Amino acid sequence: MRALGTMIFLLAFGLFGVAQVAELVAQADALFQEVWLSPYTPATAGALRAKLETAIELYLRALNLDPQNPHILNMLARSYYTLADIFLPEREKPECHEKGQLYGERSLRTSPVFVRVERERGFVEAVGTSSDVAALYWTYANWARKVELGGAFGLIVAALRGDDKKLNALMSRCLELERGYLAGGPLRALAGYHAKHPFARDYEKARELLTEAMEQHGDYLENAYFYVQYYLIPKELWGEARITLERILNSPVAPYPLMNSFCQFRAAQLLAEVQKRL
């Protein structure tokens, strides 16, 4: 009888835990979507950051109850990327991207197959077994941005320790699975990889990838911004860069209000620099 009572208690406790995780995740998802669907301005940045940080706190509470939940891990990776990319001062970005990268890697390792292949044949081979586009993408996004923030020296050090092969594997796998994830995110990311690689820079490959991204997902303005940043400016095509940046500034922010409005904010700053070259 006592054993039966213990089983009933454990079952009830487990069901309560599942319900609690679901409620925390639902609250966090709703807050993240609220931020994602809000236009960015310097005046609203503080309130949006606070909402995003609250979403992160809720995801962390849920993760304590369900440490192997891929959705929670992926959303933490995505949330930390968004927090660093848009809302944090420069000096705080690398640590935040480091957290995002680690949560992305934890998500990848929720797959027993990934863990086994990584142990036997290494990270690059393991990436080929993953079908979780979000885990692959946000691991890459945080990792690559962290490396980029280290400047030219950071890019060289990362390449020498083999990070470039791991990053290329992550984004190449994303391209295989879903080229259009986040409005051409894998195309943008791999273009950045080719444009910034310290030993094998390939601006033509970057142009090819970004042209596809702009053609397929022209309403996501960062595709055009990256085209300016990773192709037109390195090629010193200042007139075309000005025209493209002006087109970004005159585009609607829907259907990606947060990212498009922030892209316009950056485009205005870059346009001022480009106009000095004309």
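**Entry 1: Ala 183 and the helices around it**

I began with Ala 183, which lies in the loop between helix H9 (163-177) and helix H10 (185-196); helices here are DSSP runs of H or I with at least four residues, strands are runs of E with at least two, and both are numbered from the N terminus. I noted that this is a predicted model, in which local features need pLDDT of at least 70 and side-chain atom pairs count only at pLDDT 80 or more, while totals for chains, interfaces and linings use all residues. Residues are numbered from 1 along each chain as its sequence is written, and side-chain values use heavy atoms, with hydrogens and water left out.

I looked up the backbone of Ala 183 and found phi near 55 degrees, a positive value in a residue other than glycine. Is Ala 183 buried or exposed? At 4% relative accessibility, Ala 183 counts as buried; buried means under 20% relative accessible area, exposed over 50%, and partly exposed in between, with a 1.4 Å probe and protein chains only.

I then turned to H9 and H10 themselves, which pack at an angle of about 155 degrees with their axes 9 Å apart. That makes H9 roughly antiparallel to H10. For the angle I wrote down that axes are lines fitted to C-alpha atoms, for helices over the stretch in contact, and that angles run from 0 to 180 degrees between N-to-C directions; under 35 degrees counts as roughly parallel, over 145 as roughly antiparallel, 65 to 115 as roughly perpendicular and the rest as oblique. The residues that make the contact include Leu 167, Met 171 and Leu 175 of H9 and Leu 187, Leu 190 and Tyr 193 of H10, where contact means heavy atoms within 4.5 Å. I sorted the residues of this contact into nine nonpolar, one polar and one charged; Ala, Val, Leu, Ile, Met, Phe, Trp, Tyr, Cys and Pro count as nonpolar, Asp, Glu, Lys and Arg as charged, and the others, Gly among them, as polar.

I followed H10 on to helix H12, and found that the two pack at an angle of about 5 degrees with their axes 11 Å apart. H10 and H12 are therefore roughly parallel to each other. Arg 188, Gly 192, Ala 195 and Lys 196 of H10 make the contact with Glu 222, Asn 223, Phe 226 and Tyr 230 of H12, and these residues divide into three nonpolar, two polar and three charged.

In the loop between helix H12 (222-232) and H13 I found Glu 236, which has a positive phi of about 60 degrees although it is not a glycine. Glu 236 is exposed, with a relative accessible area of 54%.

How do the axes of helix H2 (residues 45-65) and helix H3 (residues 70-87) cross? They come within 10 Å and cross at roughly 155 degrees, and H2 and H3 are therefore roughly antiparallel to each other. Among the residues that meet are Leu 48, Leu 52 and Ile 56 in H2 and Leu 76, Leu 83 and Phe 87 in H3. The residues of this contact divide into 15 nonpolar, two polar and two charged.

I found Pro 67 in the loop between H2 and H3, partly exposed with a relative accessible area of 39%. Not counting residues up to four places away in sequence, Pro 67 touches Leu 73 and Arg 106.

I found Ser 107 in helix H4 (residues 93-108), and at 2% relative accessibility Ser 107 counts as buried.

Leaving aside its neighbours within four places in sequence, Phe 87 is in contact with residues including Val 35, Tyr 40 and Leu 258.
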